[in-house]
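Here are a few friendly notes to read alongside the model. Please keep the structure open as you go through the points.

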Amino acid sequence: MSRMLFFIDNIDKYQSDSVNGLRICQLGAIWSIKSHFTISNNPALVSLPTGSGKTALMMALSFELTAKKVLIITPSQVIRHQTNQKFSTLDDLCKIGVYKNIDNRFPIVHEQIGYIKTDDDWKQLSEDYDVVVSTPNSSSPHLLNVAKPNENYFDLVFIDEAHHTSANIYDSILNSFKESKIILLTATPFRRDKKRIPGNLIYHYPISKAIQDGIYRVVKYFPVNTTIPESKKDNDLILAEYAKKKYQEEIKTNNDAKVLIKTDSISHAEKLIKVYKSINFNVELIHSKKTDKHNNKTVADCKDNKISGIICVGMVGEGLDIPTLKMAVLHKSPQTLPATIQFIGRLSRFNNQTGNSILISDPNFIEGEVKELYRYDDGWEKIIPKLIDRKIQNTTYVGRLGNQANYELSFSKNEINPFFTVTVYELLNGFTIKENYITELPSDIEYYILDRDDNDPYIFITKVEENIPWVINSLYTEMNHEIHIFYIKDNFLFEHTSSEFYSQKIRNILFNKDTYRKASSKTVIQGLKDTDGHYVMVGMANITGTTHSNPKYKTYMGNEIENSLRLTDGRNFTAGHALSKHGEDTRGIATKNSKIWSIKRDSLQKFIDWCDHLYTLIHLPDIDFQIPRMGMLAKSEIITEIPEEPISIYFDDIELQQNILKLYIENEDYTNPNIKISIVNMSLDKKSICCMMNLDFIDDPIECKYEIDQKGYWEVETDKQIRININMIDNKNKSYINLSEFLQDYSPLIILQSGRTIKNNVLFTPQVQNERFDQELFLSDKIDWDDTDIFKEAEEPDSKYKYNVQEKVISVISKGRDDKDYFFVDDSSGEVADIIWFNNTSTDKTIYFIHCKFKHRSSKADQDRTPNGDKKNITELIDQGIRCGFWIKSPNLISQLIGRLERTQKSKVLFNKEVEFRNFEFEYSPYDWKFKVILVQPGLAKEAVFKTSQITNIEKMLTTLFDRTRSINADLEIWGNKKS
């Protein structure tokens, strides 16, 4: 048993409120630590700048926490010896009057040298000493020669310079004393080896406050360029000669000034001692391969003015206590940011000398490392003002929110628990992270940037003041914090955000927006590779064109919902999103938004591990992989060329019909204009489609082009200034400064001859059987064309004919017309149909969309009326038939036609019923009507279209149109010509 418990038995001699007393930062740390241990036994992490008195703090805490036995772990032998000496006399507490040395009683302190090999050795140390000071190499059970101690031997454990604690050798010490109060002390509360420091950061005393409280002084930096081409001297010699000159000037005013010389390797240190000796600079060398006796004597000689300074390597100099240190020379930049802070922090410590401290270095080596100090804590700006990079001067520093001097957020990465959802981006050639992104972040956003190491994600927290959505008065606001995580893994970016709006702003500044793209649906669905195809939710996206009968999106929900999918779904829908049950876990994908998610929330590290797992699933492409058990849906793939001739291009987004579209052309504005895109040709290399865009109110069509690239985009060529606004129902209006920008958001749907479709650069292939077109839908004897000029669609017919094509059709359908019927002729660009017939009888309420076309001929002189199978006779009609599906079941059909009456010259209601038709709008309900699409072409022969041995191109196109009309619950007929 120990003879006594020093810190308990002598508590009456300890007075934290003495006249000189502890520093405010030491008191702050004590209060925080004592508070922490009232509710937790987790290790406490305390961050104090170098030189602020961590050794005195350890002494004070030994009394404050009424420690029985104290274990102190230091990173090096030199610091171990210093700590042993100070604790043996409680030197720091006695100087400030906190410990009253009345009867010359001090703790019994042991400096442990060598392995602690057995449990008995540990027990003996605990019983014989009040304080044991050791290094990890002597006391860590991670080493084979060190025994694991009983966890009750020491009730208070200090880890000094705790930024080393992430190594296994430290972890084993922490795990050995789980029942003890463990306190980690560091000047750098972040990792140095890319692993987290254990413990809760309960107190951080910033460098800027240390300056304000007189603990730190300004360091004056003297850059020395040692790389001058004309100089034949060794770089180290140039630096050493300059250092000697400055030192000789310094000791004239501060005769006890000492110099610390730093490098990064023992071999370089051995070279430096020869360089300094050659110019008679009285310095000595310490490092880990020197004996303890040599190192301790060197430090003592420096304090006793026997030598002018010390050359040191690595962490040996981190805790070196030389009170009169006034000058430092940096021959090689410290390899880590923590080491840099330790080095300059020790130099900055205030003492009774006059003038600023001095730092000498070649700027080619020092600046890159010291820049990181400004991103960590703005106090360094005042300590080393000449080291500020001009780009850094105007930035907001990492570790603080916005441009505020103080910030509200006080947490570590360990407290972040993100929901497991990411948007996946593919990184393209030329992808880089902008070096100066901090300077470009939006000035209207306050943000907090978490510290990171090389492979860590970029983490931003934005703070925005917004109106409370359920309060009318805009004076009521709330502060919202959003998190944005950008994790880069090889050629993929995983983005997590709680606000898409602000995340996009940051992403566009952080990366060059032309060097990444949202991952393809093919990539995203590979996130389900390790699932077995049992779903609780399946969403399907329309690939054939949104109408009022065929939704843009539909969702199935329920257990094993995949069993509810039908083969007919594969005609019109592809996989939009799916949520799979995977054991106790879930996995979801959304192809349009390139999202992958799981319904869970966990630590940041678990989130990163989850992203790494997704990466293993998606980074190796599997060209045959489809979503498990959902093969009946249409397939999608990224394309680099257009696989076949398009037959129609139109706007399928029903949002354009449900909201008010405003078109601004020069100084005029127009409401809900019709925009029609007509195909001109496809390029020979199949990379682009040239088109003409017809706009209501503009006589001349506008050239536009769809071009395949990494995203698939539209270009519009026009000299006219055209703007578009969309006044949304929810008041979230959209504005576009030109047509190209509008087409990027509302990319038209491209219909191919085979029935496949293209949206942006994604090709969709519906699951359609190779069916023949139902020939009974082709009526060759519906109309007798003998009295019709079949070469004239709506123009004045040749004198020997009674009708043009449209007039003939009207004469046929209007025979025996009911008084309640309406016949609307929509004869101009962008028409709904050439003729819209409302067959409004009590027994048959059907709306017929009739599209008419004249027979194509090779020249004006061509008078051959013989019908044939020429594709030119049907292509435009197929296009019109597909487009009019947009108006089937539309509640806006009548208002659209009334608008056509007002905007176009040739549109009209026949038989003097315009007034009645306008009133008809108020009673019209699309759900009371059936719909039929009719294509009229007197130049088309049935026997030429349908051949027994093969499927003609015209039949293929008719099948495509039939599939689309059937999917929206409409009927289809073709009125051709019986003569051949």
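1. Start with Gly97, which sits in the loop that links helix H5 (91-95) to strand S3 (109-111). Helices (H or I, at least four residues) and strands (E, at least two) are DSSP runs, numbered from the N terminus. Gly97 has a relative accessible area of 15%, and buried means under 20% (1.4 Å probe, protein chains only), so Gly97 counts as buried. From Gly97 to Ser16, the C-alpha distance is 8.6 Å, although 81 residues separate them in sequence.

2. A word on the source: this is a predicted model, where local features need pLDDT of at least 70, side-chain atom pairs count only at pLDDT 80 or more, and totals for chains, interfaces and linings use all residues. Residues are numbered from 1 along each chain as its sequence is written, and side-chain values use heavy atoms, with hydrogens and water left out.

3. Next, look at helix H25 (residues 875-883) and helix H29 (residues 953-967), whose axes come within 10 Å and cross at roughly 10 degrees. Axes here are lines fitted to C-alpha atoms over the stretch in contact, with angles from 0 to 180 degrees between N-to-C directions. H25 and H29 are therefore roughly parallel (angles under 35 degrees).

4. Which residues meet between H25 and H29? Thr875, Ile878, Gly881 and Ile882 of H25 meet Met957, Leu958, Leu961 and Arg964 of H29, where contact means heavy atoms within 4.5 Å.

5. Finally, the protein chain has 29 helices and 44 strands. Of its 980 residues, 56% are buried.

Technical notes
Buried means under 20% relative accessible area, exposed over 50%, partly exposed in between (1.4 Å probe, protein chains only). Angles under 35 degrees count as roughly parallel, over 145 as roughly antiparallel, 65 to 115 as roughly perpendicular and the rest as oblique.
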